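Hi there,

Here is the structure I promised to pass on. Have a look at it first, and then read my notes below.

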Amino acid sequence: MKRRLLALAASAAVIVPAAAIAQARYLNPRDVAEAQRQHPELVQEFGGAESGTRGAYVQQVGARVAAQTGVVNSGQAFRFTTLNSAVENAFAVPGGYIYITRQLMALLDDESELAFVLGHEAGHVAGNHAQARKSAATRNSVLGVLGAILGSVVGNSGLGSMIGQSAMRYSQMATLSFSREQEYQADSLGTRYITRAGYDPLGGTRVLAALTRSSALETRLQGHENRSTPEWASTHPLSTNRLQRALVEAQRSGPPGQGVRNRDQFLNVLDGMYVDDDPAQGVIEGRVFSHPDLLLQFAVPPTYRMQNSASAVTISGSAGQAQFSGGRYQGPLEQYIMRVVQGLTGGRQQVAMAPPRQTMINGIPAMYSVGRANTSSGSVDVSVMAYRWSPDTVYHFVMLTRGGQGIGPFTQMVDSLRRLSGQEAAAIRPKVIDVVTVRAGDTVQSLSQRMAYRDYRLERFVALNGIAPNERLVPGSKVKLVIYGARRSG
Ligand SMILES: [Zn+2]
């Protein structure tokens with residue numbers, strides 16, 4: 001998270017007959033204007049864009065694929081951005097802006113696979129699939145990330161707005177589902193585009209296989225990790241059927257193994273790229289969230305999951321939901337707490353808050369208050385713990401639990417917030433992709449030991465590279481490792 005809150009209006013979508021897909025068409029100017037307008041905020045919320053060689057490379061591959069979409073002046077109409085995000089995702093907005101995260105890129109193995117992901121998303125744009133996405137958005141904002149408990153508190157328009165704010169809206173945008181048919185169609189279009197652009201038609205099949213491996217790994221790690229990330233796989237349900245279809249489409253599109261893969265160039269671009277969290281936005285390691293720049297750390301209850309965004313860390317578990325956020329504030333803490341509650345309810349509903357009480361947590365002056373809101377499905381406790389971090393900075397947890405529980409389930413969490421020393425902060429390093437050339441004697445076991453993780457090194461290594469645990473590595477071939485790297489400046 002960063003010291004920033006922002007808001008964004010939902011994007012407009014326009015119905016165009018499906019028949020328009022194959023014909024030359026223009027993007028709707030209103031969609032384009034909307035995409036342009038929201039682009040900087042969206043990039044900010046996802047941790048910034050990859051610039052330099054990497055950003056240019058993705059734009060160039062995207063443009064090559066977009067030229068096959070039938071969209072007029074595709075070179076200008078489409079824009080491809082690589083997001084500095086630990087979430088494995090790709091998505092498009094109707095105005096032709098297409099996004100891929102570095103985390104998803106790390107999973108890919110060659111340029112034809114990257115081309116397929118970009119082509120799939122361009123297919124959603126060219127196929128005008130956004131109308132379905134819009135109705136899904138309406139559903140999602142009702143039953144959003146924070147679930148029904150929150151939605152019912154004040155008629156679901158208010159509470160969501162504060163906890164959700166930007167984080168929820170963007171994660172919605174990135175996780176909304178198209179219909180299954182639209183996904184199949186985007187797969188088909190993606191494969192057709194890359195084949196016509198000269199790439200190996202099997203790029204898409206390999207992407208789907210890589211995502212299948214990644215989501216199988218995710219399942220294995222469940223219960224071992226407290227990170228919650230909405231992934232491409234969750235909005236693009238993987239199934240044997242989908243893989244089959246992709247394979248058939250690839251075979252129909254062109255002879256496999258004849259197109260461009262550009263593996264070496266792709267891996268060159270990947271080398272050194274951040275994987276997982278960017279320390280500049282805070283790092284989730286097990287139950288602990290640490291921010292080396294804000295010099296703070298806290299731990300969530302066991303089995304609770306965290307989702308980090310530029311503006312806040314959202315925490316969810318069996319007994320409730322919470323959010324950590326904050327920023328510059330000089331007024332009294334009582335006032336701050338009231339503002340958090342007002343923000344939560346959009347100022348429309350009164351939540352009866354108990355008089356705030358002072359406390360001291362790990363040497364930090366703090367103040368908390370618990371309030372009660374009555375909802376159609378029973379009462380909900382709204383608690384705020386605010387910390388006077390410095391004369392002009394306040395951080396807080398806002399927590400929602402069942403009526404009568406108050407801060408209870410989150411007591412250890414609110415007590416755990418502490419300052420990091422400069423030394424502790426300096427020890428927090430990013431993970432990066434390291435492309436290595438296999439040498440004689442290297443094995444899957446020996447190389448996987450170099451993975452910068454405390455557990456499941458072998459599993460992570462084989463999932464990342466799409467190889468079998470007992471596979472014999474060929475000297476001279478290249479594989480991807482994830483190692484600890486240095487923070488980039490700026
Ligand atoms: Zn899709």
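This is a predicted model: local features need pLDDT of at least 70, side-chain atom pairs count only at pLDDT 80 or more; totals for chains, interfaces and linings use all residues.

**Helix packing around H10**

Let me start with helix H10, which covers residues 203-221. How are two packed helices described? By the angle between their axes and the distance between the axes.

For H10 and helix H12 (residues 240-253), the packing angle is about 165° and the axes are 8 Å apart. An angle over 145 degrees counts as roughly antiparallel, so that is how H10 and H12 run relative to each other. The crossing of H10 past H12 is left-handed.

If you want to find the contact on screen, look on the H10 side for Gly204, Thr205 and Leu208. Their counterparts in H12 are Arg242, Leu243, Ala246, Leu247 and Ala250. Sorted by class, this contact between H10 and H12 has five nonpolar residues, two polar ones and one charged one.

H10 also packs against helix H18, which spans residues 457-465. Here the angle is again about 165°, with the axes 9 Å apart, which makes H10 roughly antiparallel to H18. H10 and H18 cross in a left-handed way.

Which residues make this contact? From H10 they are Arg213, Ser214, Leu217 and Arg220, and from H18 they are Glu459, Arg460 and Ala463. By class, the contact of H10 with H18 counts four charged residues, two nonpolar and one polar.

**The sheets**

Now for the strands. In general, strands of a sheet pair through backbone hydrogen bonds, either parallel or antiparallel.

There is an open sheet of four strands, in the order E5-E6-E7-E16, and its pairing is antiparallel. Its edges are strand E5 (283-285) and strand E16 (418-419), each of which pairs on one side only. Strand E7, at residues 296-299, is joined to E16 by two bridges, and the two run antiparallel. To locate that pairing, go to Gln297, whose bridge partner in E16 is Arg418.

Another open sheet has three strands, ordered E1-E3-E2, and here the pairing is mixed. Strand E1 (79-83) and strand E2 (90-92) are the edge strands, each pairing on one side only. On average, neighbouring strands of this sheet are turned by 15° against each other, ignoring direction. E2 and strand E3 (residues 97-101) run antiparallel and are joined by three bridges. Phe91 stands opposite Tyr99 in E3.

This three-strand sheet has a helix to look at as well: helix H2 (residues 52-66) lies across E1 and E3 and runs at about 140° to E1.

**Two hairpins in a row**

Next, go to strand E8 (residues 305-308) and strand E9 (residues 313-317), which pair in the antiparallel sense over four bridges. Gln307 has Thr314 in E9 as its bridge partner. E8 and E9 make a hairpin, with four residues between them.

What does E9 pair with beyond that? Five bridges join E9 to strand E10 (residues 320-328), and the two run antiparallel. E9 and E10 are also joined by a hairpin, this one through two residues. You can pick out this pairing from Gly317, which stands opposite Gly320 in E10.

Asp276 has a positive phi of about 60°, although it is not a glycine. You will find Asp276 in the loop between strand E4 (274-275) and E5. Is Asp276 exposed, partly exposed or buried? Asp276 has 19 C-beta neighbours inside 10 Å. A residue needs 20 or more to be buried and 12 or fewer to be exposed, so Asp276 counts as partly exposed.

Thr303 is not a glycine either, and its phi is positive at about 70°. Thr303 sits in the loop between E7 and E8. With 11 other C-beta atoms within 10 Å, Thr303 is exposed.

That's what I have for now. Happy browsing!

Best wishes

Definitions and conventions. Residues are numbered from 1 along each chain as its sequence is written. Axes are lines fitted to C-alpha atoms, for helices over the stretch in contact, and angles run from 0 to 180 degrees between N-to-C directions. Angles under 35 degrees count as roughly parallel, over 145 as roughly antiparallel, 65 to 115 as roughly perpendicular and the rest as oblique. A crossing is left-handed if the near helix is turned anticlockwise from the far one by less than a right angle, and right-handed if clockwise. Two residues are in contact if their C-beta atoms, placed from the backbone, lie within 7 Å. Ala, Val, Leu, Ile, Met, Phe, Trp, Tyr, Cys and Pro count as nonpolar, Asp, Glu, Lys and Arg as charged, and the others, Gly among them, as polar. Two strands pair if DSSP finds at least two bridges between them.
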